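Let us walk through this structure step by step. Please look at the sequence and the model first.

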Amino acid sequence: MDYTKLYVGNLSYDMTEQELKEYFESIGEVINAKIIFDESTSNKRSKGFGFIEMSNEENAKQAIEKLNGTEFMGRNIIVSVARPRIKRD
């Protein structure tokens with residue numbers, strides 16, 4: 001399991017990937033920030049969650065400890081280790 005990839009939930013629907021990345025950079029180097037969008041809607045609205053990939057496991061652990069439950073853009077975000085994606089039939 002990749003312990004550098006984090007799930008981030010309860011995000012503001014107006015948040016950009018750049019804003020998400022900058023928030024996590026307060027902890028350490030961010031390799032990638034991705035917000036998941038609902039492609040089936042006409043306006044491609046955010047699903048309210050995304051993923052962050054930190055440069056190492058120590059930074060990822062600190063991000064969980066320091067940012068989980070914090071308020072960001074009016075929402076208390078959830079930060080945890082991302083689970084592997086399960087393929088659906």
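Ser-12 is found in the loop between S1 and H1. Helices (H or I, at least four residues) and strands (E, at least two) are DSSP runs, numbered from the N terminus. This is a predicted model: local features need pLDDT of at least 70, side-chain atom pairs count only at pLDDT 80 or more, and totals for chains, interfaces and linings use all residues. Residues are numbered from 1 along each chain as its sequence is written, and side-chain values use heavy atoms, with hydrogens and water left out.

Stay with Ser-12. This residue counts as buried, at 10% relative accessibility. Buried means under 20% relative accessible area, exposed over 50%, and partly exposed in between (1.4 Å probe, protein chains only). Leaving aside residues up to four places away in sequence, Ser-12 touches Ser-46, Met-73 and Arg-75. Contact means heavy atoms within 4.5 Å.

Asn-10 lies in the loop between S1 and H1. Its phi is near 65°, a positive value in a residue other than glycine. Asn-10 counts as partly exposed, at 28% relative accessibility. Met-73, one of the contacts of Ser-12, has a positive phi of about 55° although it is not a glycine. Met-73 sits in the loop between strand S4 (71-72) and strand S5 (75-76). With a relative accessible area of 37%, Met-73 is partly exposed.

Arg-75 also touches Ser-12. Arg-75 lies over the face of Tyr-13, at 5.5 Å from the ring centre. Arg-45 lies over the face of Tyr-13 too, at 3.8 Å from the ring centre. A charge sits over a ring if NZ of Lys or CZ of Arg is within 6 Å of the ring centre and within 35 degrees of the ring normal.

Now turn to ring pairs. The structure holds 5 aromatic pairs. One of them joins Tyr-23 and Phe-24, edge-to-face, with 6.1 Å centre to centre and 75° between the planes. Rings of Phe, Tyr and Trp (its six-membered ring) pair if their centres lie within 6.5 Å; planes under 30 degrees apart count as stacked, over 60 as edge-to-face and the rest as tilted. Ring pairs also link Tyr-7, Phe-49 and Phe-51 into a cluster.

Is Phe-24 buried or exposed? Phe-24 is buried, with a relative accessible area of 0%. Phe-24 belongs to the largest nonpolar core, which has 19 residues. Such a core is a set of buried Ala, Val, Leu, Ile, Met, Phe, Trp, Tyr and Cys residues joined through side-chain atoms within 4.5 Å. Leu-6, Val-8, Leu-20, Phe-24, Ile-52, Met-54 and Ile-77 touch the most other members. Two or more residues each come from strand S1 (5-9), helix H1 (17-24), strand S2 (30-37), strand S3 (46-54) and H2.

Asn-59 is found in helix H2 (residues 57-67). Asn-59 counts as buried, at 13% relative accessibility.

On a 1 Å grid over the protein atoms alone, a pocket is an open set of points where a 1.4 Å probe fits, with protein on both sides within 12 Å along at least five of seven lines; lining residues have an atom within 4 Å of a point. Of the 21 lining residues, Phe-49, Phe-51, Arg-83, Pro-84 and Arg-85 are the closest to the centre. S3 gives the largest share of the lining, 5 residues.
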